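I opened this notebook to look up how side chains pack and pair in one chain. The entries follow the order in which I went through the topics.

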Amino acid sequence: MTTSLKVSFIWTRTFFQLFDNSCIQNSPYDFFVKPSAYKDKIKSLYTDESSLTLPWKLTGKNNLTNWFWKYYLNDIDPLSAPHETIANRCYPLYVPVRKSLTKQITVNWPSSGGSQNRGSFEGFFYRHGVAVVCTFSVHGCTSLKDAVEQGMSLRHDPLFSIPSTTSNVALTTVGDFCRNLLSEEIKVVTDWFDEEPFSLVTVVEGELNQEAQQGDSIQRALEALACWDKTWEKRELPVLSDHTISMKNNHAADIMYGHAKSRVLWIPRLFTPVKNYALFWYSRNLLMATMQVKSFRDFLVRAADADCIKPGTRLGGYARQIGEIIRNMEKGLKTYRTLSAYRQIQDDKKLQAVLSAIS
């Protein structure tokens, strides 16, 4: 049986200009500032044909996979509820707007990659920053080892063509390119950004009924896809249970493996064409949850580092509201519930320090 992967990387960029009057007036994204303007924008995106879309408005079957946003919006389905209801619910939860960047980037797949391989590049706008999500569907790998090598190639090798360059570039440059595009569009001057992305990998096809064991080839593959170490075959493996995150209704062989900035899903009972659609759904939901936490986290930590969170200021009030949302995601209250988000928040000492200071 061949092996297939879905691999995503999330980058963020944080800025504070949309809290400053002079910058707000010059930005085409000033609708983030006023509740009425933001709500009007959300409602308009249900019918407008523009470059911006709602974060759950994808194409084809993917429209059925956005359960994250339903539960994040307190169990209101954004695909069927009245637009006014959705707009009113989106504002206090700081739902971003989305833009596809896929047409501006070409993936030069490794020669051994399957013809069904696909790549997508998405941008998400917030008042406090932007997020970039790069996702790759890798098909037709001859083995789990081959799948890891394909993933490593996507992460490290110069496989991408972008405008204004004459030679291929690596994924890190693509992440920078996408963030620059979004920042220029929102007219941002100064910002803070991360060098390393948060990654999410889902094995969507592979050998059935194989359970990961300490030190075996499956754990080695999971560790490689969590750490992106080029020397993964020689890497000393940690204790498997130390990097295992619980999942709801998981079976014996199911595992979510992770480090501070990575998650890998191994659920072999769904490795069939009839069932693996559920893995695509789960992967997308987890991706959106991870992005939302990461974007909010980076804003809070960078605002605290810049000493911008002060009582009585726009930034201070916004930060406290963001803090409440993150605490709800940490506890699984009126939102999409996953222990992955809990660990992402709970294990982050810098974030916890900021949350304690502003609560």
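**Aromatic pairs**

I began with Phe-68 and Trp-69, both of which are buried, where buried means under 20% relative accessible area, exposed over 50% and partly exposed in between (1.4 Å probe, protein chains only). The model is a predicted one, in which local features need pLDDT of at least 70 and side-chain atom pairs count only at pLDDT 80 or more, while totals for chains, interfaces and linings use all residues. Residues are numbered from 1 along each chain as its sequence is written, and side-chain values use heavy atoms, with hydrogens and water left out.

For ring pairs I took Phe, Tyr and Trp (its six-membered ring) with centres within 6.5 Å, calling planes under 30 degrees apart stacked, over 60 edge-to-face and the rest tilted. By this rule I have 27 aromatic pairs. One of them is Tyr-38 with Tyr-91, edge-to-face at 5.4 Å centre to centre and with 65 degrees between the planes. Tyr-38 lies in helix α2 (residues 35-44) and Tyr-91 in helix α4 (residues 83-93), so this pair ties together parts that are 53 residues apart in sequence; helices here are DSSP runs (H or I, at least four residues), as are strands (E, at least two), numbered from the N terminus. Tyr-38 and Tyr-91 are buried. The pair Phe-68 and Trp-69 is also edge-to-face, because the ring centres are 4.8 Å apart and the planes stand at 75 degrees. I noted too that ring pairs link a cluster whose members include Phe-16, Tyr-38, Tyr-91, Phe-125 and Phe-299.

**Core and surface**

Of its 118 residues, Tyr-72, Phe-136, Phe-160, Val-174 and Leu-300 touch the most other members. Helix α8 (residues 277-305) gives the most to this core, with 13 residues. For Val-174, leaving aside neighbours within four places in sequence, I list contacts (heavy atoms within 4.5 Å) with Ile-105, Phe-121, Cys-134, Phe-160, Ile-162 and Val-169.

On the surface, Trp-67, Tyr-71, Tyr-277 and Trp-281 form a nonpolar patch with about 380 Å² of accessible area together. Such a patch joins nonpolar side chains (Val, Leu, Ile, Met, Phe, Trp, Tyr) within 5 Å, from residues with over 30% relative accessible area and no salt bridge. Helices α3 (67-72) and α8 each supply at least two of its residues.

**Salt bridges**

Last, I counted 18 salt bridges, each a side-chain nitrogen of Lys or Arg within 4 Å of a carboxyl oxygen of Asp or Glu. Glu-122 pairs with Arg-284, the closest N and O atoms being 2.8 Å apart. This bridge links distant parts of the chain, with Glu-122 in strand β5 (residues 118-125) and Arg-284 in helix α8, 162 residues apart, and both partners are buried.

Arg-297 forms a bridge with Asp-348, the closest N and O atoms being 2.7 Å apart. As Arg-297 lies in helix α8 and Asp-348 in the loop between α10 (339-346) and α11 (349-358), the pair ties together parts 51 residues apart in sequence.

Note on methods: Core = buried A, V, L, I, M, F, W, Y, C linked by side-chain atoms within 4.5 Å. Patch = residues over 30% accessible without salt bridge, like charges linked within 9 Å, V, L, I, M, F, W, Y side chains within 5 Å. Areas by Shrake-Rupley, 256 points an atom, 1.4 Å probe, with all protein chains shown as cover.
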